[in-house]
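User: Got a new model to go through with me. Can we take it piece by piece?
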Amino acid sequence: MHQHSLFDTDPQQPIRDAEGGVRYLPGVFDGEWSMRLFATLLEQAAWTSQQRMMYERLVDVPRRMAMYRLDRDALPPMLGATAERVGELLQAPFNSVGLNLYRDGRDSVALHNDKLHNLAPGRPIAVLSLGATRRMTVRAKRAPHATWQLQLESGSLVVMSHASQQHYDHGIPKAPGVLDPRISLAFRVRTD
């Protein structure tokens with residue numbers, strides 16, 4: 001298991017592949033921008049509660065979600081400018097963003113990979129973190145299941161290559177000691 005320090009302020013690249021692998025970029029957005037964007041999205045995003053079938057029963061998804069098409073939906077303030085900045089940084093024409101609101105450490109997302117059937121090949125997935133620092137687990141799908149733990153600070157980006165989704169899962173585990181909320185923004189280039 002690989003553990004990166006909560007206080008490591010340098011970019012990290014735990015996984016490498018021909019498309020860039022998995023990278024952690026701290027401090028992409030400064031504290032003031034991150035706080036303003038967090039407050040704006042918390043109050044103005046179209047948050048929904050969802051349910052999913054799991055183990056043959058319907059369960060609540062342990063977080064709130066919102067989804068926007070950047071190229072056609074009315075966006076909350078600051079979201080368009082944020083998407084533009086992330087797109088310029090990564091040289092990617094992002095056209096979709098999925099938001100997750102983790103209300104506290106009880107909210108989570110299980111290990112998973114992004115479904116690739118409607119994502120543009122060769123284009124990255126970029127996840128911007130706002131609010132409380134939370135741990136992201138990245139784990140290889142094949143034995144011996146190498147695992148990395150990244151502490152996602154507010155204003156940071158995790159950039160995952162399209163190819164990495166075939167070989168690695170990622171998730172945000174429950175964190176009982178975390179009392180504050182976190183919002184993640186997952187920018188993608190969709191083909192549909």
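User: Where is the place of methionine 78?
Analyst: This is a predicted model. In it, methionine 78 sits in the loop between strand S6 (64-69) and H2.

User: Is methionine 78 buried or exposed?
Analyst: Buried. Its relative accessible area is 15%, and the cut-off for buried is under 20%.

User: What is phi of methionine 78 near?
Analyst: Phi is near 80 degrees. That is a positive value in a residue other than glycine. Most residues other than glycine have a negative phi.

User: What joins alanine 143 and proline 144?
Analyst: A cis peptide bond, with omega about 15 degrees. Proline 144 is in the loop between strand S10 (134-140) and S11. Most peptide bonds are trans.

User: New topic. Where is serine 156 found?
Analyst: Serine 156 is in the loop between strand S11 (147-152) and strand S12 (157-160). Serine 156 is buried, at 1% relative accessible area.

User: What lies 2.6 Å from a polar atom of its side chain?
Analyst: The backbone oxygen of glutamate 153.

User: And which residues does serine 156 touch, not counting those up to four places away in sequence?
Analyst: Tyr24, Leu25, Pro26 and Gly27 are on the list.

User: Over to leucine 99. Which strand is it in?
Analyst: Leucine 99 is in strand S7. Leucine 99 counts as buried, at 1% relative accessibility.

User: What is leucine 99 in contact with, leaving aside neighbours within four places?
Analyst: Its partners include Leu41, Ala45, Trp47, Arg64 and Met65. Ala66, Tyr68, Ser184 and Leu185 are on the list too. As for alanine 126, its C-alpha is separated by 12 Å from that of leucine 99. Those two are 27 residues apart along the chain.

User: How many residues does helix H1 have, and what span does it reach?
Analyst: H1 covers residues 31-44, which is 14 residues. From first C-alpha to last it reaches 20 Å, close to the 20 Å expected.

User: What reaches the backbone nitrogen of glutamate 32 at the start of H1?
Analyst: A side-chain oxygen of aspartate 30, to within 3.2 Å.

User: Zoom out. How many helices and strands are there in the protein?
Analyst: There are 3 helices and 14 strands. Of the 192 residues, 52% count as buried.

User: How does the radius of gyration of the protein sit against a compact globule?
Analyst: The protein has 16 Å, and a compact globule with 192 residues would be near 16 Å, so the two agree. The C-alpha atoms fill a box of roughly 45 × 40 × 35 Å along the principal axes.

User: Last one. What is the mean pLDDT, and where does pLDDT stay under 50?
Analyst: The mean is 92, and 93% of residues reach 70 or more. Over residues 1-7, pLDDT stays under 50. The model has 16 contacts beyond four places in sequence for that stretch.

Key: Residues are numbered from 1 along each chain as its sequence is written. Side-chain values use heavy atoms; hydrogens and water are left out. Helices (H or I, at least four residues) and strands (E, at least two) are DSSP runs, numbered from the N terminus. Buried means under 20% relative accessible area, exposed over 50%, partly exposed in between (1.4 Å probe, protein chains only). A polar contact is a pair of N or O atoms within 3.5 Å; within protein, one must be able to donate a hydrogen and the other to accept it, and residues adjacent in sequence count only if both atoms are side-chain atoms. Contact means heavy atoms within 4.5 Å. The expected span of a helix is 1.5 Å times one less than its number of residues. pLDDT is the predictor's confidence in each residue, from 0 to 100. The radius of gyration is taken over C-alpha atoms; the globule rule is 2.2 Å times the number of residues to the power 0.38.
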